[in-house]
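These are my notebook entries on one protein chain.

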Amino acid sequence: APVLLYLAVARPRVGIPAVGVLAALIAVSTVVLNAATGGWYGYYVYTELLHQQVAQTLWVGFWRDDILHQQWPLLALIAIGAVAAAVARKRPAAYYFIAAAGLIGSAWVSRLHTGGYANVLMPAYAATALLAGLTYGGLTSKLALAKAAAVLTQLALLIYPIAPQIPTGQDRTAGAQLIARLRTLPGPVIVLRHPWYATEAGKGTFAQEEAIGDVLRSRSRNAAKTLTASLKAALTTYHVQAVVLDGTFDLHFFGSELARDFRLQRQPITPSRLYPLTDVRTSPTLLYLRKHR
C-alpha cells in the first residue's frame, strides 16, 4: 500500500493505473471467492482480523523485542548509511524505504493480532535485510570494517543448533505408530490439533484447533455461532466415529456432545508420544470412541 501511494504521487502515469488494476482485481476476486465459499472468504481475509483483540504489549514489544533486540546490528548499519548519506548530501532512495515501511507495517499489524506468531515477522526481517544490503553496497571503502563488523555480528546472532529441528528415529517411529493407529479406527476421525494426520491416514479432513480458536474468540458472534454448530454437527450429523485430543484442555471445543456420545479410552492412542519440534509441545494423546456406532 505505501509503494502504490508513492507511485501514484511520484509517477502517476504508472501508479494510478496500478492502483486501479489492483482495486479491480481485489473487488472481482472477493466477489467470486465469497460466492464460492458461502461468505467465508470475506470473513477470513477481512472480518476476522478486525474482530480479534489486540495484544497490547506488542504496541511497543514489536519494536523493542522483535526488531531492535533481534536485528540491532543491521539497524546500526542502516543508521550509519543514513548518516553517511546526509553528510555527503546524497538523496536517499525513497522507494526502498517506503517499500520497507510497508513490509514492516504489515508485520506489525499481524503481530498485534492476538494469534500472531513469530512467522509474521518475516516481512519485517526481509525489509531490514533489503535496506541493510543496499546500505552495505552504498557505503564507501573507508567504512569497510564497520559494515563488515555489523554483518558478521548479525550472522553470529542468528546462529542456532540445527540438530533439534531434525526429527529423530524415535520421532519417526512415533509418527508411524500414530498413522497406523488412526487407520485402524472406524469412520471419520477428528485429530483436533493435528488434522493432517487424520487426512494422511484416510480419515477425513477437518479444521485445525488454532483456526477454530481464532473464530471462536473473535468478536464476530455470527461466525462463532456458525462454527460452533458445525463442530456439534461433526459429532452428530456427520457420523464422526473418533476424536483425538492432545489433552483435556481441548474439551471445551465440543461441549456436552463429546461426553454424551463418546467414551474416553483408558490407554493413550499410541504408546509413544509424537511431539512437534517447534511451537507448542503437545501430542495427540486422548482417544474418544463413539459409544454406539
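I looked up Asp261 and noted that it is buried, with a relative accessible area of 17%; here buried means under 20% relative accessible area, exposed over 50%, and partly exposed in between (1.4 Å probe, protein chains only). Asp261 forms a salt bridge with Arg260, with 3.0 Å between the closest N and O atoms. I counted as a salt bridge a side-chain nitrogen of Lys or Arg within 4 Å of a carboxyl oxygen of Asp or Glu. Arg260 is partly exposed, at 47% relative accessible area.

The model is predicted, so I note that local features need pLDDT of at least 70 and side-chain atom pairs count only at pLDDT 80 or more, while totals for chains, interfaces and linings use all residues. Residues are numbered from 1 along each chain as its sequence is written, and side-chain values use heavy atoms, with hydrogens and water left out.

**Entry: other salt bridges**

How many salt bridges does the rule give? The count comes to six. I examined the one between Asp66 and Arg111, whose side chains meet at 2.9 Å, N to O. Asp66 lies in helix H4 and Arg111 in helix H5, so this pair ties together parts 45 residues apart in sequence. Helices (H or I, at least four residues) and strands (E, at least two) are taken as DSSP runs, numbered from the N terminus. Both partners are buried: Asp66 has a relative accessible area of 8%, and Arg111 is at 15%.

I then turned to Glu209 and Arg193, whose side chains form a salt bridge at 3.6 Å, N to O. Glu209 is in helix H10, and Arg193 is in the loop between strand E1 (189-191) and helix H9 (195-200); the two are 16 residues apart. Glu209 counts as buried at 8% relative accessibility, and Arg193 likewise at 14%. I found that Asp250 joins Arg193 and Glu209 in a network of salt bridges.

**Entry: nonpolar cores**

I next looked up the nonpolar cores, each a set of buried Ala, Val, Leu, Ile, Met, Phe, Trp, Tyr and Cys residues joined through side-chain atoms within 4.5 Å. The largest has 19 residues, of which Ile190, Leu235, Val243, Leu245, Phe254 and Leu258 touch the most other members. At least two residues of this core come from each of helix H10 (209-216), helix H11 (221-236), strand E2 (242-245) and strand E4 (286-290). H11 gives the most, five residues.

I listed the contacts of Leu235 (heavy atoms within 4.5 Å). Beyond residues up to four places away in sequence, Leu235 touches Ile190, Val240, Val243, Phe254, Glu257, Leu258, Asp261, Phe262 and Arg290. A second, separate core has 16 residues, among them Leu178, Leu182, Val191 and Ile269.

A polar atom of the Thr285 side chain lies 2.7 Å from the backbone oxygen of Ser283. Leaving aside neighbours within four places in sequence, Thr285 is in contact with Val244, Leu245, Asp246, Pro268, Ile269 and Arg273.

His239, in the loop between H11 and E2, counts as exposed at 53% relative accessibility. Not counting residues up to four places away in sequence, His239 touches Pro188, Ala234 and Arg290. I noted a C-alpha separation of 9.2 Å between His239 and Arg290, which are 51 residues apart along the chain.

**Entry: positive phi**

Most residues other than glycine have a negative phi. I therefore recorded Arg89, which is exposed with a relative accessible area of 80% and has a positive phi of about 60°. Arg89 sits in the loop between helix H4 (58-87) and helix H5 (94-112). Asp279 also has a positive phi, near 65°. Asp279 is found in the loop between E3 and E4 and is exposed, at 51% relative accessible area.

Notes
A polar contact is a pair of N or O atoms within 3.5 Å; within protein, one must be able to donate a hydrogen and the other to accept it, and residues adjacent in sequence count only if both atoms are side-chain atoms.
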